[in-house]
Amino acid sequence: MKAIPLISASRWLVKRGDCTRISWKESAEKLTFGRRVHKHNLALFLFTDLLVVTKRKSDEKFLVLDYSPRNMIQVTELESSEGIPGLGEQPGFALWLTLLQNHENKTQEMLLSFCSESDRGRWMEAVTPASSQVRMMHVPNINSPRSCNIRYRERKFTRIGIVQR
């Protein structure tokens with residue numbers, strides 16, 4: 001795997017999180033120890049221009065399994081778990097991650113499962129290119145007839161607190 005410099009003036013960490021990759025064997029040939037479904041714990045690192053897929057080796061050490069430019073990534077919510085082993089009756093909190101051009105210049109598709117619906121949703125929003133990372137929010141001023149617009153950056157938090165001074 002080609003080494004890439006992670007430290008750069010134009011690159012910073014946008015999101016970091018854990019998920020589980022689900023894979024399975026399609027063939028009916030004899031399986032080793034009868035395992036058809038494999039689940040691997042992964043750690044994802046989303047930078048401003050790059051997604052890095054890793055496996056945790058220790059608390060702060062990771063083994064890079066794959067990476068892709070951020071503009072070459074697609075995510076699709078899993079609508080049905082029919083025909084997919086390892087997910088049971090419900091699709092849970094899974095999504096398809098497609099690296100259109102990974103480190104080998106190949107297309108790689110992964111089925112990833114997250115611990116909650118909001119976690120999956122935040123990853124889908126973070127990976128999907130937004131028209132603008134900075135959003136405007138209209139806030140009426142409580143003590144006067146004037147109102148204001150506040151610029152804010154979306155983070156992983158789902159609520160915004162407003163404090164009156």
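In which helix is R120 found? In this predicted model, R120 lies in helix α1. The residue is buried, since its relative accessible area is 6%, which falls under the 20% limit for that class. Although R120 and C19 are separated by 101 residues in sequence, their C-alpha atoms are 9.1 Å apart in space.

The overall architecture was examined next. The protein chain contains one helix and nine strands, and their order along the sequence is β-β-β-β-β-β-β-α-β-β. Of its 165 residues, 29% count as buried. The accessible surface of the chain amounts to about 12000 Å², and carbon and sulfur atoms account for 50% of this area. When contacts between residues at least 6 apart in sequence are considered, 46% of them join residues at least 24 apart.

The mean pLDDT of the protein chain is 76, and 63% of the residues reach at least 70. Among the elements, strand β3 has the highest mean pLDDT, 93, whereas strand β8 (residues 134-140) has the lowest, 50. The pLDDT is below 50 over residues 131-136, although this stretch makes 16 contacts in the model beyond near neighbours in sequence. Where pLDDT is low, the predicted coordinates should not be read in detail.

Strand β1 takes part in two pairings. Comprising residues 13-24, β1 pairs with strand β2 (residues 37-47) in the antiparallel sense, over eleven bridges. Within this pairing, W24 stands opposite V37 in β2. Strand β1 also runs antiparallel to strand β7 (residues 108-113), to which it is joined by three bridges. Here T20 stands opposite S113 of β7.

Attention then turned to the interior. In soluble globular proteins, nonpolar side chains tend to be buried together. The largest nonpolar core of this model has 18 residues, and the members that touch the most others are L44, L51, L97, L112, F114 and W123. Two or more residues of this core are supplied by each of the elements β2, β3 (50-56), β5 (73-77), β6 (94-99), β7 and α1 (117-127). Helix α1 provides the largest share, namely four residues. The surroundings of L112 illustrate how parts of the chain that are apart in sequence meet. With neighbours within four places in sequence set aside, L112 is in contact with C19, T20, R21, L42, L44, F93, A94, L95 and L97.

The cysteines were considered last. A disulfide is a covalent bond between the sulfur atoms of two cysteines. The number of disulfides counted in the model is zero. For C19, the nearest cysteine sulfur is that of C115, at 9.9 Å, and C19 is in no disulfide. C19 counts as buried because its relative accessibility is 4%. C115 is likewise in no disulfide, the nearest cysteine sulfur being that of C19. With a relative accessibility of 67%, C115 therefore counts as exposed.

Note on methods
Residues are numbered from 1 along each chain as its sequence is written. This is a predicted model: local features need pLDDT of at least 70, side-chain atom pairs count only at pLDDT 80 or more; totals for chains, interfaces and linings use all residues. Side-chain values use heavy atoms; hydrogens and water are left out. Two strands pair if DSSP finds at least two bridges between them. A nonpolar core is a set of buried Ala, Val, Leu, Ile, Met, Phe, Trp, Tyr and Cys residues joined through side-chain atoms within 4.5 Å. Buried means under 20% relative accessible area, exposed over 50%, partly exposed in between (1.4 Å probe, protein chains only). Contact means heavy atoms within 4.5 Å. Accessible areas come from the Shrake-Rupley method with a 1.4 Å probe; for residues, only the protein chains shown count as cover. pLDDT is the predictor's confidence in each residue, from 0 to 100. A disulfide is a pair of cysteine sulfur atoms within 2.5 Å.
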